[in-house]
Every structure is written in structure tokens, then in C-alpha cells.
Amino acid sequence: MILINVLYTVKPGRREAFYALINSLGLAEASRQEPGNLRYDYFDSVEQPDQLLLYEQWRDEEALAQHCRTPHFAKLQELKGEWLAETEIRKAEV
């Protein structure tokens with residue numbers, strides 16, 4: 001299983017709007033429907049008002065690789081430039 005924590009630092013004051021946009025475009029739901037996806041959830045930081053955590057679980061590397069080739073993944077990458085100040089990714093295999 002592949003575990004991924006993605007810490008998004010959204011541009012100041014835009015976290016809620018970014019999260020609403022992701023949901024309105026169905027990006028998270030599309031990821032949850034992919035074969036090999038075990039979990040795909042966003043969490044607000046209690047301590048940092050401009051941070052959003054994405055927690056992902058994938059069955060294996062192939063499922064994750066397939067995810068990275070989807071149109072909804074590409075759309076999220078496109079949005080990052082406009083909405084995010086920083087992205088930190090931590091990946092573990094268990």
C-alpha cells in the first residue's frame with residue numbers, strides 16, 4: 001500500500017475557496033472512484049489557516065501511476081499555480 005500526505009499551503013485567505021473549487025469540479029470524487037484508490041480525503045489545518053492536507057492511500061504503485069495520468073489529476077496540477085504558495089509531499093510504502 002502507498003500512503004501519501006500532501007500539505008498544500010494555499011495563498012493567503014484562499015483555502016476555503018480552493019477547497020470549494022476542488023469539490024465543485026469533482027476532482028476528489030473522481031480520484032476516489034479510481035481502481036486502486038483506498039482513501040482520498042482533505043483536512044483543514046487547525047493551526048494554520050492557509051493549509052490543507054490531502055491524505056491518500058493507493059493499493060500499489062501501478063494504481064498511483066494510473067492516477068497521475070488522469071484528466072482530473074492534470075486539472076489539479078493546473079490549479080496549483082493559481083491557488084497555492086507551496087506544496088509538500090510525503091510518500092511511504094507499507
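How many residues lie between β2 and β3 in the hairpin that they form? Six residues separate the two strands of this hairpin. The structure described here is a predicted model. Its sheet is open and has four strands, helix α4 lies across three of them, namely β1, β2 and β4, and the largest pocket is lined by 14 residues.

**Sheet**

- The strands of the open sheet follow the order β2-β3-β1-β4, and their pairing is antiparallel.
- From one strand to the next, the twist averages 15 degrees.

**Strand pairing**

- Strand β1 (residues 2–10) runs antiparallel to strand β3 (residues 51–58), and eight bridges join them.
- Within this part of the sheet, T9 has Q51 of β3 opposite to it.
- The antiparallel strands β2 and β3 are joined by seven bridges.
- D44 has L52, in β3, as its bridge partner.

**Helix α4 and L76**

- Helix α4 comprises residues 71–83 and runs at about 135 degrees to β4.
- L76 belongs to helix α4.
- With a relative accessible area of 4%, L76 is buried, because the limit for that class is under 20%.
- When neighbours within four places in sequence are left aside, the contacts of L76 are Y8, F18, I22, L27, Y40 and Y42.
- Between L76 and E86 there are 14 Å in space, C-alpha to C-alpha, while the two are ten residues apart in sequence.

**Largest pocket**

- The space in the largest pocket amounts to about 150 Å³.
- Of the 14 residues that line the largest pocket, V6, E56, F73, Q77 and I89 lie nearest its centre.
- At least two lining residues come from each of β1, β3, α3 (61–67) and α4.
- Helix α4 provides four residues, the largest share of the lining.
- By residue class, the lining of the largest pocket consists of ten nonpolar, two polar and two charged residues.

- Strand β3 takes part in the hairpin with β2, is joined to β1 by eight bridges, and supplies at least two residues of the pocket lining.
- Helix α4 lies across β1, β2 and β4, holds the buried residue L76, and gives the largest share of the lining of the largest pocket.

Conventions
Residues are numbered from 1 along each chain as its sequence is written. This is a predicted model: local features need pLDDT of at least 70, side-chain atom pairs count only at pLDDT 80 or more; totals for chains, interfaces and linings use all residues. Side-chain values use heavy atoms; hydrogens and water are left out. Two strands pair if DSSP finds at least two bridges between them. Axes are lines fitted to C-alpha atoms, for helices over the stretch in contact, and angles run from 0 to 180 degrees between N-to-C directions. Contact means heavy atoms within 4.5 Å. On a 1 Å grid over the protein atoms alone, a cavity is a set of points where a 1.4 Å probe fits but cannot get out, and a pocket is an open set with protein on both sides within 12 Å along at least five of seven lines; lining residues have an atom within 4 Å of a point. Grid points are joined across faces, edges and corners, and a volume is the space filled by probe spheres set on the points. Ala, Val, Leu, Ile, Met, Phe, Trp, Tyr, Cys and Pro count as nonpolar, Asp, Glu, Lys and Arg as charged, and the others, Gly among them, as polar. Buried means under 20% relative accessible area, exposed over 50%, partly exposed in between (1.4 Å probe, protein chains only).
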